[in-house]
Amino acid sequence: LRVFLGRIRAWQEFMRKGQAALSPEAEVGLFGELLVLQEILDTGKDVEDTLNEWIGPLRDGIQDFHIGTGAIEVKSTLAVTGFPAKIGSLEQLDDSSRAPLFVGAMRLRTSDTGRSLPTLVNTLRARIRTELPGSQVFDERLVAVGYLDMHAAMYTRLFEPVQSRFILVGQEFPRFIMGGAKAGMVSARYEIDLDKASGEDSLPGEVLKRLKVN
C-alpha cells in the first residue's frame with residue numbers, strides 16, 4: 001500500500017507540474033540535488049532513510065531534505081562569478097520549525113569530461129538498487145520532480161562540480177522569513193548571492209552530526 005500510494009503521489013506531482021521535459025534551469029537544479037543526495041549517501045547514511053528524507057520534489061517552496069531535527073535546501077548554479085540563488089517563499093529559509101537549516105550550494109560548470117543528468121541518475125539508480133533492492137522511492141521522486149527516462153536524450157549537457165558548500169543559516173544570513181516580515185506581508189520570492197552570504201561552512205558529515213543523525 002505504501003509503494004502504491006508513493007507512486008500515486010509522484011504522478012500527482014508530475015501531472016500538476018506539467019508533462020514537458022525539465023527546463024535548463026530545472027535540469028541544473030536537479031543535478032545539484034542529486035549531487036547532495038550522493039554526498040549524503042557517501043557518509044554511510046542509511047539509503048532508505050535518505051530517500052524518504054528527500055522531499056523537495058513533493059513540496060514546492062520548502063526545503064529539499066528534511067533530516068533529523070533540521071533541513072538542507074539545495075541551490076545550484078553555473079555562474080562563474082557570484083552565486084545567484086532564487087528563494088521561492090518566506091518558509092524556505094525559515095529555521096523556526098526545523099533547525100539547524102543548511103543551504104547546500106553546488107557550483108557547476110559544463111565540461112566535455114563531465115556527466116549528463118541521465119548519467120548521474122543511472123549511477124545513483126544502480127547504487128540504490130544494489131543497496132536497497134526493490135525500492136521505488138528514488139524513481140518516484142524523479143517522476144515527481146518531472147524527470148522521465150523518455151526525455152533522457154534531451155539532457156545533453158555535461159556538468160562537472162566545481163565547489164560544494166554547506167552553509168549554516170543563522171541570524172546574519174540574508175533572508176526574509178515570516179517571523180521577521182512586516183505586518184501584511186504574506187508571501188515573497190527573492191534572490192540572494194550565496195558568495196556574499198554570512199554563515200559557517202561545514203562538510204557533509206559535520207552537517208549530519210549537526211542535524212543529529214550521526
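**Strand 2, faces.** I started with strand 2 and asked which residues point which way. Gly-70, Ile-72, Val-74 and Ser-76 point one way. Ala-71, Glu-73, Lys-75 and Thr-77 point the other way. All of these are buried. I noted the general rule: in a regular strand, side chains alternate between the two faces of the sheet. Eight of the eight residues of strand 2 (residues 70-77) are buried, so the strand is largely enclosed by the rest of the structure.

**Confidence.** This is a predicted model, so I checked the scores before going further. The mean pLDDT of the chain is 90, and 89% of the residues score at least 70. Strand 2 has the highest mean of the elements, 98. Helix 1 (residues 2-17) has the lowest, 60. Where pLDDT is low, the predicted coordinates should not be read in detail. I left helix 1 alone after that.

**Overall layout.** I counted the elements next. The chain has six helices and seven strands. From the N terminus the order is α-α-α-β-β-β-β-α-α-β-β-β-α. Of the 214 residues, 48% count as buried. Among contacts between residues at least 6 apart in sequence, 81% join residues at least 24 apart.

**Strand 2, partners.** Which strands pair with strand 2, and in which sense? Strand 1 (residues 65-67) runs antiparallel to strand 2, with three bridges between them. Phe-65 has Ile-72 as its bridge partner. The hairpin of strand 1 and strand 2 has two residues between the strands. Gly-68, in that hairpin, takes a positive phi near 55°. Strand 4 (residues 101-115) pairs with strand 2 in the parallel sense, over seven bridges. There, Val-74 stands opposite Gly-104 of strand 4.

**Helix 2.** I took the span of helix 2 (residues 24-42). Its 19 residues reach 27 Å from first C-alpha to last, close to the 27 Å expected at 1.5 Å a residue. Just after helix 2, Gly-44 has a positive phi of about 95°.

**Glu-33.** I picked this residue out of helix 2. Is Glu-33 buried or exposed? Its relative accessibility is 11%, so Glu-33 counts as buried under the 20% cut-off. I then listed its contacts beyond four places in sequence. Glu-33 is in contact with Trp-54, Pro-57, Asp-64, Phe-65, Val-74 and Ser-76. Val-74 and Ser-76 point one way from strand 2. I also took one distance: Glu-33 and Gly-56 are 8.8 Å apart, C-alpha to C-alpha, and 23 residues apart in sequence.

**Glu-160.** This one sits in strand 5 (residues 159-168). Why does Glu-160 count as buried? Its relative accessible area is 19%, and buried means under 20%, so Glu-160 falls in that class. I looked for polar partners of its side chain. The side chain of Arg-109 makes a polar contact with the side chain of Glu-160 at 2.7 Å. The side chain of Thr-113 makes another with it, at 3.0 Å. Leaving out residues up to four places away in sequence, Glu-160 touches Arg-107, Leu-108, Arg-109, Ser-111, Thr-113 and Gly-114.

Notes:
Residues numbered from 1 in each chain as written. Predicted model: local features only at pLDDT ≥ 70, side-chain atom pairs only at ≥ 80, totals over all residues. Heavy atoms only, no water. Helix = DSSP H or I, 4+ residues; strand = E, 2+ residues; numbered from the N terminus. Expected span 1.5 Å × (residues − 1). Buried < 20%, exposed > 50% of the residue type's maximum accessible area, 1.4 Å probe, protein only. Pairing = 2+ DSSP bridges. Polar contact = N/O pair within 3.5 Å; in protein donor to acceptor, adjacent residues only side chain to side chain. Contact = heavy atoms within 4.5 Å. pLDDT = per-residue confidence, 0-100.
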